[in-house]
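Dear colleague,

Please find the structure below, followed by my notes on what was found in it.

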Amino acid sequence: MRVCVCVCVRVCVFNRLRPRAMADPVSAMCEQLVKAVNVMMDAESNQRYRLEALKFFEEFKEKCLFCVPCGLQLADKSQTAVVRHFGLQILEHVIKFQWNNMPQQDKVHLKNCTMELLTNGTFPILEEQSHIKDALSRIVVEMIKREWPQHWPDMLKEMETLTSFGETQTELVMLILLRLAEDVITFQTLPTQRRRDIQQTLTQNMDSIFTFLLSILQQHVDEYRRLAKAHCRVGIATLNTLAGYIDWVALVHITNDNCHLLEILCLLLSETELQLEAAECLLIAVSRKGKLEDRKPLMVLFDDVAMHYILSAAQPAGAGLLEVRYTFLKRLCQVLCALGGQLCALVVSLIKVNIPENLNKYMEAFLAFTTHPSQFLRSSTQTTWGNMFRHEVLSKDPVVAQMAVKYLKAAMTNLVKVSGFPSHNDSPACEYSRMDFDCDEDFNAFFNSFRAQQGDVARHACKIAPMEAFQIAGEWLQYQINTPLDTGNALSKTGEGLCSMLSPSARQWDAMTTFMESVMGQLFKIVDKEKLPVDQGMELLQAVVNYEMRDPLILSCILSNLSSLFPFVLHRPDFLPQVFFKLFPAITFEVVEESKVRPVKNVRRHACSSIIKMCRDYPEFVLPCFDMLYTQVKKLFANELLLTQMEKCALMEALVLLSNQFKDYNKQKAFLEELMAPVTTRWLSEDMRSVLWEPASFLAFIGADQVVNEPAAEDQMGINRSRISFCVYTILGVVKRARWPANLEEAKAGGFVVGYTPAGAPIYRNPCAEPLLGLLPNLLNLIRTHNSLFLPENMARLSETFSRAYDVMDLSPNQPEPFSQISTLSLSCSYHVIGYAGPALQQDFYTVEALAEQLVGSALIHLEHVPDHRLRPLIHILYIISPSNQHVVSDLFSVSWFHLWFSRWVFSYGFISISGSDDDECSEENQVTQEMLEDRLVRLATREVMDLLCEFRISLFMKFEPCFDLYLCSVCLQDIYMTLLAISFNSLSWRDTTNCQRVATQVCWALLRQVAGGNLLPEAVTWLFASVLKALQMHGQHDGCNAALTQLALFIYDALRPRYTELRAIMNQIPNIHLEQLEQFDQRTVNPALQKVGEKKRKDQFKKLIAGTVGKPLGQQFKKEVHIRNLPSLFKKVKPSKDIVADSEDAGLVSLFEPDHDD
């Protein structure tokens, strides 16, 4: 049988257009079409036969002369649903692609047959397939888009008449009206004039359309209440259609007749089968923007009756959780959120909207959603809570103030990650989470974001009720301190009897800490010092200090609360030593002599960070304890293995911050030299110099050339790496933290000012300059050695253990330890030291002999071998070392940098373009992943360097704008400028639309304008203009890029066309360009005196001229275009009369000059 069908198909393909000796060729063709459809839709059909059938079907639609009769015959309801759908597809294809060439009588015939199908060609509403109804509605809408209203003025009346034939026809009419609104308004799939005609006609008839829709809805809802299922289907279709119109019609149609539509929608919220669609309509209506006076009637939804229906609909209905019911609750929550948004907008406006009397009822309902088991519903309310608590009027209302306190109490529960994981069954929230999240990881990511939202809202609630918020936080903290530790059933990786992240106590402490940080952060900002609850705060702080805990997770929370409550110590200075005595044991905290477990590391780092924060934020207050801190730090440093290198550097940073308060240059310099003495000795030693100078010695020193079989065998190499890291971290910490006094008088008194600039600005000296500059050469050696590690001969020295170290991204858990530290040292620290050295050391840094050559010989050496992701930290150097600083440094360094990146990116984007165009089905998945990764890295690096280029361009012009021509006389700087032009214009056509739009808008013309009046080579001008047109071909389908590139091309053409005829030659090569229009435009450009059009109109003319360069996206390149002809416009604007005399007759001016005028 299959072979027979295949033969029939093939015979039909080759003989489909020959005359047949048959009585009815339409029937014969329909038989072949039915067979082809069955072959295509049969799951067991061979792929070859299916393709032949598809080809036959497509060629039939394109070339057969009797598509309409065949389509109508196949669409008859005697056929199967699949065949009927293909028949309707044929009719839709005819209308889309053959309508313009059809005789008028054929159009009328097809329209009448379609109306007949709507009337009698369908099954009852509950039996008819939805895809058949959709196909029928598409056919009618395609005809409407081509003929209404000019050639089909009675369309709306015919649709209204059609609803009298039954429920199926009524549903079809709803589908037609909905699809018409979507095509015209939402998707805008019509030419501009046709869309305008249809939209204006719809707007003119909107009163009758809404009256018709509401009457249909009311009629069928009444019938549905009599248990008529078919009418429910019509009601749903009508609500969906209303949703398609409510979004864009004038608000007056929604609020007409005392908001009758909104009243109906609120009533339908109680109808189980219709409530979801009613809620969606209500949500669209309440979310409308527009003039505030037009939105004022929406406040009727705050009335008792409307609020009663909304709240009643939110009550639980029946046992179990249904997805439809849950979706309805989401929509209802969104309705309440939108109502809150309207309230916030209207109350503060000038139209005098009062706060609703039953605001408390609304906010109680809103609070119910905030405490709902669903985490998603809780999260949905946060934005509205925040808007209300920030509102300048509502935030002062007593009801809102009461609700702020209730919200804070609810947040105590919501912040706790007690339950809700989709994989668990220990809470009602789990069932909701299974509908919202695919896995526990998704839920975890969502909850972290949700917690951040709550923290922000809690801060605003604290501004309204600060003392109540402090009381709640304090009671919660005391409760946690007095509650015994509950580790739960989860196993801890830290040790037996300790909490894990899922332990009940850990969750409670974590939530309480977040709450405390949010409250205390606002309390000290908004409450006057005299009104601060100092006694209660110190009582809490004393309780925290006295609380002894050996669990690392809980201890970390204790340290966070200590930091939050620390500002109270400012009122009790004698308590400060107790705080430090609490922090210092935490710096050396261990659990069973195991300090490498993550929770333990977090405690130690947390303690160090707390000390740094105190020294940074309250240096003058902490300064009296400097000697005590310094003594404690020395004791800790006495044992080299007691602290990690990061912890040592953190404590040193804290001491450096306090030393800034000495306000004595010599004293601070002596202290820094003493503090850095161990680092200086080790860093400048001959052994260290040899290690940092030779890549082979460096690899051997860190152990990267050895095979690691057991961790114990790597101990010595670990010590070596830690010593290098300690030196670099210390250098970075000192250069970041050491500063002169901010007050000029204090700086002069302390000996920090060494002179003044010609403009009168003081020149400072940094007390860390002398010790740091001595360490700079070895630091540059480390950077150069790092870059040299990527050379082939050095990569060959890597052992088997670290052979793939270069292929792994930073921070990957699979990255070998030695190279993890190499990346951290060279990228995160060494480069940053160079970046911070500029603003910190200033003239002491920039006057280093041959600094530019040293930077180029270290930071920029062998970069052609370094991966992109390891080059990005270099950008931080260039943000600091820019032309606005020191000319001698920027010249050589900048030109080398931009030359390097230009050649590198041309290759990188060329490779990506080639890779993206190669469709090799046999490529391995890991290869695809690698290409995607490389593509992403190149894009990130591009955007960051383009940010830098913008900064470079701004600083360049700021410094040299008064003498820019003289500046360009420098050969070196000409090289920089030409490189910038080459980078910016070349990057326009790279596969990155974000970069293209930004560079075209901010960089290209700003650079070119400075040299447009000079003597540019014709080849350069040609290349610049062609680069913009090439970018239009690549990105022109995106509106933002199109506008930016068109503007740039017009700037170039206007500025350079009068002197370079080559631009006209390029324009002549644009596909489909109108030469006569080009000639006119070109003449106006060459002779500005001929310009008689406005700037906007001229830009539109130019856009039409270069339209042929705009490329199509891949998805549109092979799509057959649909052409819809414009009809005679119904809405022509009447041009105002220019007859001054005619316009002035009504003013009575002529009568003043009449002879019989009465003086």
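What volume does the largest cavity have? It has a volume of about 80 Å³, where a cavity is a set of points, on a 1 Å grid over the protein atoms alone, at which a 1.4 Å probe fits but cannot get out, and a volume is the space filled by probe spheres set on the points, which are joined across faces, edges and corners. Please keep in mind that this is a predicted model, in which local features need pLDDT of at least 70 and side-chain atom pairs count only at pLDDT 80 or more, whereas totals for chains, interfaces and linings use all residues. Residues are numbered from 1 along each chain as its sequence is written, and side-chain values use heavy atoms, with hydrogens and water left out.

By this rule there are three cavities of 30 Å³ or more. The lining of the largest cavity (residues with an atom within 4 Å of a point) consists of I731, V735, L772, L773, L776, L779, V833, A837, L841 and F845. Two or more of these residues come from each of α37 (715-737), α39 (769-773), α40 (776-788) and α42 (817-841), helices being DSSP runs of H or I with at least four residues, numbered from the N terminus. The largest share, three residues, is given by α42. The lining divides into 10 nonpolar residues, no polar and no charged, counting Ala, Val, Leu, Ile, Met, Phe, Trp, Tyr, Cys and Pro as nonpolar, Asp, Glu, Lys and Arg as charged, and the others, Gly among them, as polar.

The second largest pocket (a pocket being an open set with protein on both sides within 12 Å along at least five of seven lines) has a volume of about 570 Å³. Of its 20 lining residues, T189, K1119, K1120, E1121 and V1122 are the closest to its centre. The elements that give two or more residues to this lining are α5 (81-98), α7 (130-147) and α9 (167-186), with the largest share, four residues, coming from α7. This lining divides into five nonpolar, three polar and 12 charged residues.

Finally, α9 packs with helix α10 (residues 192-204) at an angle of about 125°, with their axes 10 Å apart.

With best regards

Definitions and conventions:
Axes are lines fitted to C-alpha atoms, for helices over the stretch in contact, and angles run from 0 to 180 degrees between N-to-C directions.
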